[in-house]
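Hi everyone, thanks for coming.

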Amino acid sequence: MPATPVHTRTARIALVVLTAVWLASCGGGGGGSTPSPSPSPVISVTVSPQTATLAEGSTQQFTATVTGSSNTSVTWSVNGVAGGAPAVGRVNSSGLYTAPAALPSPNVVTVAAASVADPARSDSASVSIVHPVPAISCLSPNAANAGSGDLTLSVTGTGFAAQSTVMFGSRSLATTYGSPTQLTALAPSAELASTGTFSITVVTPSPGGGTSAALTFTVVEPPAITSAASASFTVGAAGSFTVTATGYPSPTLSETGALPNGVTFTASTGVLSGTPAAGTAGTYNLTFTASNGVTPNAVQNFTLTVDQP
């Protein structure tokens, strides 16, 4: 039998090896199968808290938890705008959201966090923006004379909004918004025509808002002595004279000058009374003063004559 050429034997060996490899890769020859690769983990983002109600200009800290990735970074947005905008509020890279200074329309915004590893994975929170509750700390001026003309009031406090209104009792005043701490309002002369005390409040409409505690505004009237400037008593006879005064608040009375023995002045009632003692006949020059904290005081030069019977 003739010998097989070397190159023929080599070809047969290569064919056997290739067949064995093919059988192994296809599951032939009893070999095991190659394992399928593990599925990639699903990235998930969770924002907390999910809801919040904030007054204009206030802040809320949000957190974003990322699972399924070693990259836990997120990007923040408000109503789809990266970092937010003045009209809807701003959010920084740490998730600190600052509500806008003025109420947006609508007043509910969405604060969202998206995964940097997979921007398609995100979560969001719903934020309701409301007016703060107003509070008054100072009113200037806090009084005016009855019969004054139109008067501008300066109201200082906190939580004021562009929609806030200053109330004079039950009447709303034309109000100008200056800042969250400052309002001015025009009190018309009709409100200042009569004396009295009036509650000044600030009212802010919903959403949020409310009515502040009140400060007092007083419409005052300077004092005036309305009784006669003289009176006559008689030695040995009981006499009485009442000094009267007007003004708001009600004035108090005082007297200076020497009185005859037996005669006294009672400031709380304004009554000059008594029985002049013997030997007190003559003229007594007195001064009555009415004061109520409103300038000027009322001063009356008064003459008391004591007659001899």
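**The pocket, the sheets and the salt bridges**

Let's start with the lining of the largest pocket: nine of its residues are nonpolar, four are polar and one is charged. In that count, Ala, Val, Leu, Ile, Met, Phe, Trp, Tyr, Cys and Pro go down as nonpolar, Asp, Glu, Lys and Arg as charged, and the others, Gly among them, as polar.

Quick housekeeping: this is a predicted model, where local features need pLDDT of at least 70 and side-chain atom pairs count only at pLDDT 80 or more, while totals for chains, interfaces and linings use all residues. Residues are numbered from 1 along each chain as its sequence is written, and side-chain values use heavy atoms, with hydrogens and water left out.

Back to the pocket. The space in it comes to about 180 Å³. Of the 14 lining residues, Glu-56, Ala-101, Phe-160, Tyr-177 and Pro-180 are the closest to the centre. A pocket here is an open set of points on a 1 Å grid over the protein atoms alone, where a 1.4 Å probe fits, with protein on both sides within 12 Å along at least five of seven lines; lining residues have an atom within 4 Å of a point. Grid points are joined across faces, edges and corners, and the volume is the space filled by probe spheres set on them.

Now the sheets. Strands are DSSP runs (E, at least two residues), numbered from the N terminus, and two of them pair if DSSP finds at least two bridges between them. β2 runs parallel to β11 (residues 122-130) over five bridges, and Thr-53 sits opposite Ser-128 in β11.

Another open sheet, of four strands, goes β3-β9-β8-β7 and is antiparallel.

Last topic: how many salt bridges does the structure hold? Two, each being a side-chain nitrogen of Lys or Arg within 4 Å of a carboxyl oxygen of Asp or Glu. Arg-171 and Glu-191 make one, with the closest N and O atoms 3.3 Å apart. That pair links distant parts of the chain, 20 residues apart: Arg-171 is in strand β16, Glu-191 in the loop between β18 and β19. Arg-171 is partly exposed at 42% relative accessibility, whereas Glu-191 is buried at 17%. Buried means under 20% relative accessible area, exposed over 50%, partly exposed in between (1.4 Å probe, protein chains only). Arg-121 and Asp-118 form a salt bridge too, at 3.7 Å.
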